[in-house]
Amino acid sequence: ANPFACDEIVVCSYHFARNKAADVSRIPWDLVVIDEAHHLRNVYKRSNKIANELRNTLHGVPKILLTATPLQNSLLELYGLVSFIDEHTFGNLQSFREQFADLSNPRTFQTLKARLQPICQRTLRSQVLPYIRYTQRRPILEEFLPTQDERSLYDLVSEYLRKPELQALPAGQRTLLTLVLRKLLASSTFAIAGALDKMARRLRQRLQDAPAPGAGLDEEMGEDFETLDEMSEEWEEEEDSPTLTAAQRAALEREADELEAFYELAVSITQNAKGQALLRALGTAFAELVKLDAPQKALIFTESRRTQDYLLRLLADSPFAEGIVLFNGSNSDPRSRKIYREWLARNQNTDRVSGSPTADMRSALVDYFRESGRVMIATEAGAEGINLQFCSLVVNYDLPW
């Protein structure tokens, strides 16, 4: 009845623990280990429902939080992580802000370090070398220059995003949506084209006084940019749009025209200089793998599903066409479904099949890549929770940092 009631180690996901919070709270845990704990960094915000529920459920339980990327945007994330362990270390949020707002003061900085010392342990790579044999990293840099059209698109969209007022981006979401748009712009022309089209269509709907679609702009863009879900907890609520004045209608019209022009330029670009650089880089890298007698397997990371689709088309018409597998948040493409069906047939009546279609799909794709695949094109969904150590080459097509 209670999936956690057993005298063993229990492993589960954040979402499962949150959904079974009542069951979790009934167990007298000896220790709770939370991996990828940076997902809890915004627990100090009421909008972060999963982190808040887990903190309340695990109140008073001994905890270890593990993360390799603790802070991303703000020192307040440090406050959030520490308060998850011990809410008395820093007191309330206002007290933390008042004490540590100015870390340029050496005394303030030393006070913060002293306060963290008993609760935070930073382990450096050099400290674990006696215990773990790290693979030597051999970096290869492939430089490229955007075409004239790519450069024009980049400059035009960048100039647009710098405008003091934008109708297409809700005020409470502008900072982070701008960040996402810049990431898509740097990813590929295909990625930014999808976003520009969505923004222009929403402006046209407002001009027609049509009801906005059920999903917000953030949700629509999240269909392509998977990490948007994680970032959305930092957005403010979008206010209802008031009735448009004549001046506002004129501004909307101009901005919609502008976005549609950007979109037309983006879709006219059928090849990206970065994509051609990828083909050269793979040729160079696979030649190195032959010299090293290493497995001929490459993992390509992108943050955009549209870029992922472009890379699939690009590689399908190249010497690297054999053994391509996609990995993303849905894994609903025909190629992935075929791999999944074949995996189920091979592993039926074994304990490899968990009964969870999502988990089994991930296992099927990783097994295919290990056994017969050559190139995996993955979004951020491939960055956590699966073991790809058998792969020899990682290509960061987009740089998520």
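Predicted model: local features only at pLDDT ≥ 70, side-chain atom pairs only at ≥ 80, totals over all residues.

Biologist: What is the phi of glutamate 36?

Modeller: The general idea is that most residues other than glycine have a negative phi. Glutamate 36 has a phi near 50 degrees, a positive value in a residue other than glycine. Aspartate 293 also has a positive phi, near 55 degrees. Aspartate 293 belongs to the loop between helix 14 (273-292) and strand 3.

Biologist: Is aspartate 293 buried or exposed?

Modeller: Aspartate 293 has a relative accessible area of 71%, so it counts as exposed. The cut-off for that class is over 50%.

Biologist: How should I read a salt bridge, and how many does the structure hold?

Modeller: In general, side chains of opposite charge can pair when their charged atoms come close. The structure holds 17 salt bridges. One of them joins the side chains of lysine 183 and glutamate 303, at 3.4 Å from N to O. This pair links distant parts of the chain, 120 residues apart: lysine 183 is in helix 9 (residues 174-187), and glutamate 303 is in the loop between strand 3 (298-301) and helix 15 (305-316). Both lysine 183 and glutamate 303 are buried.

Biologist: Which residue meets aspartate 257 in a salt bridge?

Modeller: The partner is arginine 204, with a distance of 2.6 Å from N to O. Here too the pair links distant parts of the chain, with aspartate 257 in helix 13 (residues 246-268) and arginine 204 in helix 10 (residues 189-207), 53 residues apart. Aspartate 257 counts as partly exposed because its relative accessibility is 39%.

Biologist: Where do lysine 338 and glutamate 342 lie, and what separates them?

Modeller: Both are in helix 16 (residues 334-347); they are 4 residues apart and therefore separated by about one helical turn. Lysine 338 and glutamate 342 form a salt bridge whose closest N and O atoms are 2.8 Å apart. Lysine 338 has 45% relative accessibility and so counts as partly exposed. Glutamate 342, at 37%, is likewise partly exposed. Elsewhere, salt bridges that share partners join Arg204, Glu253, Asp257 and Glu260 into one network.

Biologist: Which residues form a nonpolar patch on the surface?

Modeller: Leu31, Val33, Ile64 and Leu66 do, and together they have about 330 Å² of accessible area. Leucine 66 is placed in the loop between strand 2 (63-65) and helix 4 (76-85). Its relative accessibility is 40%, so leucine 66 counts as partly exposed.

Biologist: Let us now widen the view. How many helices and strands does the protein chain have?

Modeller: The protein chain comprises 17 helices and 6 strands. Its C-alpha atoms fill a box of roughly 60 × 60 × 50 Å along the principal axes. Of the 401 residues, 41% are buried. Among contacts with a separation of 6 or more, 70% are between residues 24 or more positions apart.

Notes:
Residues numbered from 1 in each chain as written. Heavy atoms only, no water. Helix = DSSP H or I, 4+ residues; strand = E, 2+ residues; numbered from the N terminus. Buried < 20%, exposed > 50% of the residue type's maximum accessible area, 1.4 Å probe, protein only. Contact = heavy atoms within 4.5 Å. Salt bridge = Lys/Arg side-chain N within 4 Å of Asp/Glu carboxyl O. Patch = residues over 30% accessible without salt bridge, like charges linked within 9 Å, V, L, I, M, F, W, Y side chains within 5 Å. Areas by Shrake-Rupley, 256 points an atom, 1.4 Å probe, with all protein chains shown as cover.
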